[in-house]
Every structure is written in C-alpha cells, then in structure tokens.
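Trainee: I would like to go through this structure and check what stands behind the terms applied to it. Please give the value and the cut-off each time.

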Amino acid sequence: MEGSASEKPALDAKSEVTNQLIDFQWKLGMAVSSDSCRSLKYPYVAVMLKVADHSGQVKNKSFEMTIPQFQNFYRQFKEIAAVIETV
Amino acid sequence: MAGELEGGKSLSGLLSGLAQDAFHGHPGITEELLRSQLYPEVSPEEFRPFLAKMRGILKSIASADMDFNQLEAFLTAQTKKQGGVTTDQAAVISKFWKSHKTKIRESLVNQSRWENGLRGLSWRVDGKSQSRYSGQIHTPVAIIELEFGKHGQVFGIAFLPAQRGKPSCKDTSSSC
C-alpha cells in the first residue's frame with residue numbers, strides 16, 4: 001500500500017467531498033478456509049468507519065487490510081497524530 | 001507419444017501456465033496453447049487427461065497450503081499409485097511448489113478477499129478550517145484520503161482531534 005504523497009491530485013478539502021469521521025470500529029479476524037483455498041490461515045484487520053457527509057447523513061464504510069497493510073496504516077496515523085500536536 | 005509426457009522438462013512450463021490460469025487469473029491460457037507450446041508431439045486426446053491430472057495435483061497442493069513434509073508425503077503417494085506421476089515429475093512438481101508457493105498463496109488469499117481492500121492512503125493536516133455549512137472553526141483537522149478496492153475508488157474523511165490532540169471519538173455524547 002502506498003503511504004506517502006504521490007503524483008495524485010492534491011487532496012480536496014471541499015466539504016462536498018470530505019466526510020466527517022464520527023466513529024472507528026475495528027476487528028481482527030482470521031480467515032480459516034474458503035472455496036479457493038481450504039487451508040487459508042489468513043489474519044486480517046477489518047475496519048468500519050462511521051462518517052457524516054456534508055448533508056449530515058450518516059453512512060458506514062467498511063474495508064479490510066492485511067497485517068502489513070494495517071501496520072502501514074497504523075504508522076500513518078501515528079504520524080498524523082504527531083503532526084497534529086505541533087499545529 | 002506417452003514417453004513425451006513422462007519426462008520433467010516441459011512439466012515446469014506446464015505448471016507455470018496452470019498456475020497463471022488457476023491462481024493468478026491470467027486470461028487466454030488454453031489447453032491447446034499449453035499443448036502446442038510444451039507438448040507438440042502429444043495428441044490432444046492424450047494431453048487432456050494429463051493436463052487434468054496435473055491441474056488436480058497442483059490445486060490439491062495449493063488448497064492445503066502444503067508444507068514440505070506434507071508435499072513429500074503427498075507426492076510419494078502419487079508416484080506409488082496407478083495413473084499417478086513418475087519420480088521425475090514428482091521432483092519437478094516439488095521444485096515448482098517450493099519456488100512459487102508464496103506467490104500462489106498470495107493470489108489465493110486475494111481471491112478470498114471480497115471486502116474493499118485498502119490500496120492507498122494520503123493525508124494532510126490543516127491548521128484551521130471552516131466549512132460553509134457549519135460556522136465553526138476547527139483547529140486543527142486531519143484530512144485523509146483512502147483509496148479502496150480494485151477500481152481505485154477514493155474516499156475522503158476528515159477527523160478532528162479531541163482535546164490534547166487525540167483523534168475522536170467513541171463517546172457519542174461529545175460533539176465531534
């Protein structure tokens with residue numbers, strides 16, 4: 001997972017685009033078996049974000065990360081937390 | 001000719017082709033392509049069951065995510081049974097699994113992931129922001145752009161830390 005700034009367009013902070021984070025739930029799961037692989041043994045972190053869009057409507061967004069992806073995710077948030085302290 | 005099928009030389013290529021088709025989702029690897037490229041002297045009628053057998057063996061190994069002990073036992077059993085594999089072929093299969101196991105497993109895990117995967121994360125911290133819809137000024141705010149899934153869907157979130165710089169917030173009674 002790419003973490004830092006890239007050639008992508010600059011983040012748009014317009015209120016129509018950005019949802020406000022209300023809640024963050026997580027789950028650590030272990031996929032044991034699937035139709036494509038009987039012996040899967042795959043740990044993952046599932047996240048459920050509860051956000052409010054510009055109109056105030058609340059919606060949920062869920063996604064999944066592998067452990068290395070989660071470690072990168074966590075590292076990014078630690079960096080955000082450190083920066084936000086200094087602002 | 002049956003003799004062509006027994007050797008190990010072309011088998012490595014065959015297993016690669018099978019893996020590309022069965023695990024990595026590579027399109028266009030047909031039975032005819034594999035036969036004509038790797039076993040041109042073998043007739044299609046003879047090739048078909050051979051291919052099916054090799055595909056079955058590879059899928060069994062991958063599905064069980066066999067470690068090297070299990071692999072040895074499995075392949076030994078295959079060499080002993082009627083219509084199984086030769087020792088040469090077993091050696092080629094063993095070598096193939098050892099070098100491709102990680103990549104195949106990764107593809108299988110991806111096939112079992114149906115939720116949005118997180119492909120990318122970008123962020124920015126703003127010192128001060130004001131929304132057209134709320135008169136309040138929040139300082140500071142972190143804006144995070146999450147890129148999901150296979151088709152690059154982008155999802156932006158803003159979060160405002162509570163006092164002392166900690167991100168909000170599980171407590172629904174506080175205003176976030």
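Mentor: We can start with B:L34, which is found in helix α3 of chain B. Keep in mind that this is a predicted model.

Trainee: How do you know whether B:L34 is buried or exposed?

Mentor: The relative accessibility of B:L34 is 7%. Buried means under 20%, so B:L34 counts as buried.

Trainee: Which residues does B:L34 contact, leaving aside its neighbours within four places in sequence?

Mentor: B:L34 is in contact with B:L14, B:G17, B:I29, B:Y39, B:F47 and B:L51. For B:L34 and B:L51, 17 residues apart along the chain, the C-alpha atoms are separated by 9.0 Å.

Trainee: What makes the arrangement of α3(B) and α4(B) parallel or perpendicular?

Mentor: Helix α3 covers residues 31–38 of chain B, and its angle with α4(B) is about 110 degrees. The range for roughly perpendicular is 65 to 115 degrees, and therefore α3(B) and α4(B) are described as roughly perpendicular to each other. Their axes are 11 Å apart.

Trainee: Which residues make that contact?

Mentor: From α3(B) there are B:E31, B:L34 and B:R35. From α4(B) there are B:P44, B:F47, B:R48 and B:L51.

Trainee: How many residues of each class are in the contact of α3(B) with α4(B)?

Mentor: Four are nonpolar, none is polar and three are charged.

Trainee: What makes a group of residues a nonpolar core?

Mentor: The members must be buried residues of the listed nonpolar types, joined through side-chain atoms within 4.5 Å. The largest such core here has 38 residues, and B:L11, B:L14, B:F47 and B:I93 have the most contacts inside it.

Trainee: Which elements each supply at least two residues of this core?

Mentor: In chain A it is β2 (42–52). In chain B they are α2 (11–22), α4 (44–63), α5 (68–80) and α6 (87–111).

Trainee: What does B:L11 touch, not counting residues up to four places away in sequence?

Mentor: B:L11 touches B:Y39, B:F50, B:M54, B:Q89, B:V92 and B:I93.

Trainee: Why is A:Q57 called exposed, while A:K41 is called partly exposed?

Mentor: The two values fall on opposite sides of a cut-off, because exposed means over 50%. A:Q57 has 52% relative accessibility and so counts as exposed. A:K41 has 47% and so counts as partly exposed.

Trainee: Where are A:Q57 and A:K41 placed in chain A?

Mentor: A:Q57 is in the loop between β2 and β3 (58–66). A:K41 is in the loop between β1 (18–31) and β2. Leaving aside neighbours within four places in sequence, A:Q57 is in contact with A:V51 and A:A52. Its C-alpha atom lies 9.6 Å from that of A:N19, at 38 residues apart in sequence.

Trainee: What makes the phi of A:K41 worth a remark?

Mentor: Most residues other than glycine have a negative phi. Phi of A:K41 is near 45 degrees, a positive value, and A:K41 is not a glycine. B:D65 likewise has a positive phi, of about 45 degrees, and is not a glycine.

Trainee: Is B:D65 buried or exposed?

Mentor: B:D65 has 9% relative accessibility, under the 20% cut-off, and so counts as buried. The residue sits in the loop between α4 and α5 of chain B.

Trainee: What are the totals for each chain?

Mentor: Chain A has one helix and three strands, in the order β-β-β-α. Chain B has six helices and five strands, and its pattern is α-α-α-α-α-α-β-β-β-β-β. Buried residues make up 40% of the 87 residues in chain A and 41% of the 176 residues of chain B.

Technical notes: Residues are numbered from 1 along each chain as its sequence is written. Chains are lettered from A and ligands numbered from 1 in the order in which they are written. This is a predicted model: local features need pLDDT of at least 70, side-chain atom pairs count only at pLDDT 80 or more; totals for chains, interfaces and linings use all residues. Side-chain values use heavy atoms; hydrogens and water are left out. Buried means under 20% relative accessible area, exposed over 50%, partly exposed in between (1.4 Å probe, protein chains only). Helices (H or I, at least four residues) and strands (E, at least two) are DSSP runs, numbered from the N terminus. Contact means heavy atoms within 4.5 Å. Axes are lines fitted to C-alpha atoms, for helices over the stretch in contact, and angles run from 0 to 180 degrees between N-to-C directions. Angles under 35 degrees count as roughly parallel, over 145 as roughly antiparallel, 65 to 115 as roughly perpendicular and the rest as oblique. Ala, Val, Leu, Ile, Met, Phe, Trp, Tyr, Cys and Pro count as nonpolar, Asp, Glu, Lys and Arg as charged, and the others, Gly among them, as polar.
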